[in-house]
Amino acid sequence: MIAPRRRRIVLGCGCLALGALAPGAAASGAWHPPARFARPDEASEEGGLWGMFDREEARLRRSAFLVRDKALNDYVTGLACRLAGEHCADLRVYLVRTPHFNASMAPNGMMQVWSGLLLRAANEAQLAAVLGHEIGHFLARHSLERLRDVKSRAAFANFLAIFFAAARAGNVGQFAQLGVLASLFAFTREQEREADRIGLELMTRNGYAPGEAGAIWSQLLEEIKGDAVTYEEYASRSVLFATHPPIEERQQMLSDTAREIGRAEATRVGADSYRAALARHRTEFFGDELRRRRYGETLVLLERMRKAAADDGELEFYRGEVFRMRGEKDDLDQALSAYRHAEALRGAPPELFRSEGLVLRQLNQETESRIAFRRYLELKPAAEDAELIRTYLPRD
Amino acid sequence: MGLRGAILAAAVLLLSSCFAMVRMGPGTVTVRDAITVSSDGGWNRLDVPGGGGGEVWTSDGLSLDVLTFFVAIKDGDPLVPAPMGTRRTPPAFRAAMLPHQIVELFEASATQDGSTFRLERLAPSAFASADGFRFEFSMTRKRDDVALRGFAYGAVVKGKLYLVTFRAPRIHYYAKHLPRAEATVRSALIKP
């Protein structure tokens with residue numbers, strides 16, 4: 001039976017990337033999930049807010065940016081459902097093609113998981129940690145205070161409208177915009193801590209290794225440090241929003257809490273099952289990733305992925321692509337060496353030879369570049385750029 | 001920044017995006033003192049205060065068809081300036097770039113807003129009396145999920161990039177304007 005209590009507001013937009021934990025504090029005592037929530041009365045303020053999210057969800061459902069592949073949707077929704085238990089019936093998971101690290105949960109049960117997060121999570125346990133955190137905000141029901149904190153609700157509704165417009169324009173994933181939004185949307189440290197705590201509870205109850213919750217943040221931090229400008233933006237934002245401590249602190253708190261929960265039987269990582277579930281989409285997600293042109297970040301991501309799959313020729317090809325596109329100092333040589341290494345591995349795409357040809361041509365190694373271009377045309381005779389590539393080859 | 005501050009900033013941003021429109025032609029029109037094209041008189045130039053990047057023309061409106069002229073771009077210059085609020089330097093044109101790299105340069109600017117981009121065709125082509133290239137592409141615009149099609153002509157002449165792109169919604173507008181957009185772009189001549 002659905003409890004007839006007033007539905008509280010969960011404002012999860014953009015919270016994942018910016019949430020924080022209070023140092024040294026950890027909730028104690030056993031946590032029990034609440035009963036299912038009822039939809040608020042449409043005439044109430046909360047009901048009105050739900051309506052706004054409902055309309056946004058209707059738009060999202062039609063979006064060309066949704067990843068519609070049934071297998072991947074079933075996989076992520078299945079994981080969210082296992083974590084959410086009986087609340088599964090109130091959740092709707094949407095996979096959105098946006099190459100940034102984020103997930104969000106709206107008060108009406110609309111959960112968005114961005115492709116940049118799917119690409120970055122190393123295993124099922126890490127995805128479970130993030131989904132668990134978002135479900136934690138949903139279950140905790142303490143977020144009505146966020147709405148109460150905002151002095152003018154009409155202004156807040158206006159702001160939400162601007163937020164949605166910004167989200168449509170694709171700007172929400174950018175650090176700068178997230179920073180402004182964070183000051184308005186962010187949960188408090190206490191709320192973030194509770195969501196993390198609930199997330200850890202949910203993942204360990206489902207047998208997932210809790211250490212992976214901290215690991216995904218360590219990975220993100222490594223990526224941020226890999227790009228000088230991103231790190232500068234990240235560091236300056238930490239100063240600007242001093243109430244939200246940096247990732248380092250959050251990562252530490254998650255590790256501490258994981259130890260406190262200490263379920264010895266929770267050891268599942270699920271790296272292979274995760275890679276298999278993502279396999280069909282990795283090429284598309286990497287295309288979007290490269291378009292961000294955050295070369296340093298992508299190189300760190302690729303290094304990490306290669307450690308888990310050293311014989312993966314596609315990853316090595318992407319590494320070459322990053323060097324080729326950056327094109328600084330000895331990047332072209334590094335690109336060439338990556339392409340040549342990739343040739344010997346499994347799964348390298350035909351485009352490898354086109355890129356190799358382009359780099360060789362830039363390095364004025366005409367003869368070798370022609371060999372690479374010929375190989376590309378052999379593998380992909382109807383390539384979209386075949387006509388142009390042929391002009392690089394001498395006429396027979 | 002408080003809530004009121006954020007709303008005010010957004011309002012200022014909206015109001016400051018006012019722009020002027022100037023009808024182009026009919027006849028020979030000079031673009032940024034660098035090239036001339038022949039306009040059928042159905043194009044309007046958009047002058048956006050503070051708007052960087054190429055010169056923008058449209059017939060039915062910015063959402064429905066856009067002809068963009070990137071002309072005489074020098075080695076080291078970007079196609080479009082960096083978006084506000086970032087210290088990241090946008091990718092720059094290099095005189096030694098191959099057509100594939102120029103397509104990637106355009107792709108980087110066209111997808112800055114999160115739109116998708118797919119190269120459909122890339123072939124050699126004369127442009128502005130030079131040996132250049134022509135490419136076709138498809139996109140999904142992030143802002144409104146609209147599927148777009150586009151084409152572009154480009155050439156590097158005396159170390160400077162000349163690139164003219166056209167894009168419009170795949171439904172109706174691309175086909176509607178394609179012949180006249182092609183004719184306009186193909187009439188381009190670099191000013192001596």
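Helices (H or I, at least four residues) and strands (E, at least two) are taken here as DSSP runs, numbered from the N terminus. The structure is a predicted model, in which local features need pLDDT of at least 70 and side-chain atom pairs count only at pLDDT 80 or more, while totals for chains, interfaces and linings use all residues. Residues are numbered from 1 along each chain as its sequence is written, and chains are lettered from A and ligands numbered from 1 in the order in which they are written.

Chain A holds 20 helices and three strands. Of its 396 residues, 45% count as buried, a term that requires 20 or more other C-beta atoms, placed from the backbone, within 10 Å of the residue's own. Contacts are pairs of residues whose C-beta atoms, placed from the backbone, lie within 7 Å. Among the contacts in chain A with a separation of 6 or more, 72% join residues 24 or more positions apart.

With 15 of its 17 residues buried, α9(A) is largely enclosed by the rest of the structure. The helix covers residues 189-205, and at 1.5 Å a residue it should span 24 Å, which agrees with the 24 Å between its end C-alpha atoms; the expected span is 1.5 Å times one less than the number of residues. After α9(A) comes Gly207(A), with a positive phi near 85°.

Two helix pairs show how elements of the chain pack. Axes are lines fitted to C-alpha atoms, for helices over the stretch in contact, with angles from 0 to 180 degrees between N-to-C directions. Helix α3 (residues 70-84) of chain A packs against helix α5 (residues 124-140) of chain A at about 55°, with the axes 10 Å apart. That angle makes α3(A) oblique to α5(A), given that angles under 35 degrees count as roughly parallel, over 145 as roughly antiparallel, 65 to 115 as roughly perpendicular and the rest as oblique. On the α3(A) side, the contact is made by Leu79(A), Ala80(A), Leu83(A) and Ala84(A), and the α5(A) residues include Leu127(A), Leu131(A) and Ile135(A).

In the second pair, the axes of helix α17 (residues 331-343) of chain A and helix α18 (residues 351-362) of chain A come within 10 Å and cross at roughly 150°. The two helices, α17(A) and α18(A), are therefore roughly antiparallel to each other. Residues making this contact include Leu336(A) and Tyr339(A) of α17(A), along with Leu352(A) and Val359(A) of α18(A).

Conventions. A residue is buried if 20 or more other C-beta atoms lie within 10 Å of its own, exposed if 12 or fewer, and partly exposed in between; C-beta atoms are placed from the backbone. Two residues are in contact if their C-beta atoms, placed from the backbone, lie within 7 Å.
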